[in-house]
Amino acid sequence: MKEVPLPRLKREAEIAVYLIHNSPDAEDYFFLFDFEEFVERSQGGVFVRPVLKVFAGRDDFSRTLFARQFREVFAVEFDRMREELAQSKRASGWISWKFGVGSVVDLVGGMVANLVLAVALSLGKSLLSLVSLPSFLKGRSDDAKLADEIEQMKGRVERALAGLTISLHPELYAHAYRNGPLGKMAGMDREAWPLPSFVRTHLDDGRSGSWW
């Protein structure tokens with residue numbers, strides 16, 4: 001049984017993610033995604049290997065909840081980015097990739113986003129083996145099987161995300177502990193670049209989003 005072919009990945013492109021805490025509650029946070037470099041390299045006409053870099057002000061939150069929320073929000077924001085760039089004549093790579101059947105993309109919303117996460121988490125080949133081409137290209141005769149395959153893929157992505165290394169950013173650390181005693185500093189990236197201006201602008205927005 002043939003598998004969905006993994007695109008040939010010629011170069012890397014970072015996707016920086018900023019996890020912003022709203023309050024002293026460790027579980028109260030939102031995400032800001034910076035797709036700028038990823039979009040620029042993808043529009044160069046080639047597929048790129050996505051590389052996730054996640055910055056936060058603290059990391060004492062539930063990794064299980066983090067993984068689920070991250071995957072779900074990333075899929076929404078990634079698809080929103082792809083939709084907004086769909087009319088671009090330069091759109092290429094992951095920006096414009098489809099499986100060859102338009103209706104399938106609608107059925108499995110977030111599919112490309114989850115594949116991007118799989119590749120970024122080094123799960124690409126093992127994860128893609130779950131989703132077979134016949135399910136897509138033969139009229140989706142077995143919707144239940146396809147849905148089960150997709151759920152298995154999402155589960156693997158979430159398990160990998162739960163073990164993702166998160167770097168503490170000095171500015172996000174100060175923001176996270178602005179209303180109380182400081183927390184532990186282990187894992188602090190003291191050489192991290194200053195926060196992009198759009199992140200500073202939206203530190204207190206309280207909602208996830210993406211800018212590029």
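A salt bridge is a side-chain nitrogen of Lys or Arg within 4 Å of a carboxyl oxygen of Asp or Glu. The model is predicted: local features need pLDDT of at least 70, side-chain atom pairs count only at pLDDT 80 or more, and totals for chains, interfaces and linings use all residues. Residues are numbered from 1 along each chain as its sequence is written, and side-chain values use heavy atoms, with hydrogens and water left out.

**View 1. Asp60 and Arg58 form a salt bridge.** Their closest N and O atoms are 2.7 Å apart. Arg58 is buried, with a relative accessible area of 8%. Asp60 is partly exposed, at 39%. The structure holds 8 salt bridges.

View 2. Strands (E, at least two residues) and helices (H or I, at least four) are DSSP runs, numbered from the N terminus. Two strands pair if DSSP finds at least two bridges between them.

**View 3. Strand E1 pairs with E2 and with E3.** E1 (residues 11-21) and E2 (residues 29-34) are antiparallel and share 6 bridges. Leu19 stands opposite Phe31 in E2. Ile20 stands opposite Phe30 in E2. E1 and E3 run parallel, joined by 9 bridges. Here Val17 has Val54 of E3 as its bridge partner. E1 is mostly covered, with 8 of its 11 residues buried. In a regular strand the side chains alternate between the two faces of the sheet.

**View 4. E3 also pairs with E4.** These two strands are parallel, with 3 bridges. The bridge partner of Ala56 is Leu168 in E4.

View 5. Contact means heavy atoms within 4.5 Å. Just after H4, Ser122 takes a positive phi of about 60°.

**View 6. The largest nonpolar core holds 47 residues.** A nonpolar core is a set of buried Ala, Val, Leu, Ile, Met, Phe, Trp, Tyr and Cys residues joined through side-chain atoms within 4.5 Å. Which members touch the most other members? They are Phe38, Leu52, Phe70, Phe74, Phe78, Trp94 and Leu161. E1, E2, helix H1 (36-42), E3, H2, H4 and helix H7 (143-162) each give two or more residues to this core. The largest share, 9 residues, comes from H4. In soluble globular proteins, nonpolar side chains tend to be buried together.

**View 7. Phe38 has contacts from several parts of the sequence.** Leave aside its neighbours within four places in sequence. Phe38 is then in contact with Ala13, Glu14, Ile15, Val48, Pro50, Phe78, Met81, Trp94 and Ile95. A second, separate core of 12 residues includes Tyr18, Phe30, Leu32 and Phe198.

View 8. Glu151 is partly exposed, with a relative accessible area of 48%.

**View 9. Glu171 and Arg200 meet in a salt bridge.** The N to O distance is 3.1 Å. Glu171 lies in helix H8 (residues 170-176) and Arg200 in helix H9 (residues 197-201), so the pair ties together parts that are 29 residues apart in sequence. Glu171 is partly exposed, at 27% relative accessibility. Arg200 is also partly exposed, at 42%. Elsewhere, salt bridges that share partners join Glu77, Arg80 and Glu84 into one network.

How values were computed. Buried < 20%, exposed > 50% of the residue type's maximum accessible area, 1.4 Å probe, protein only.
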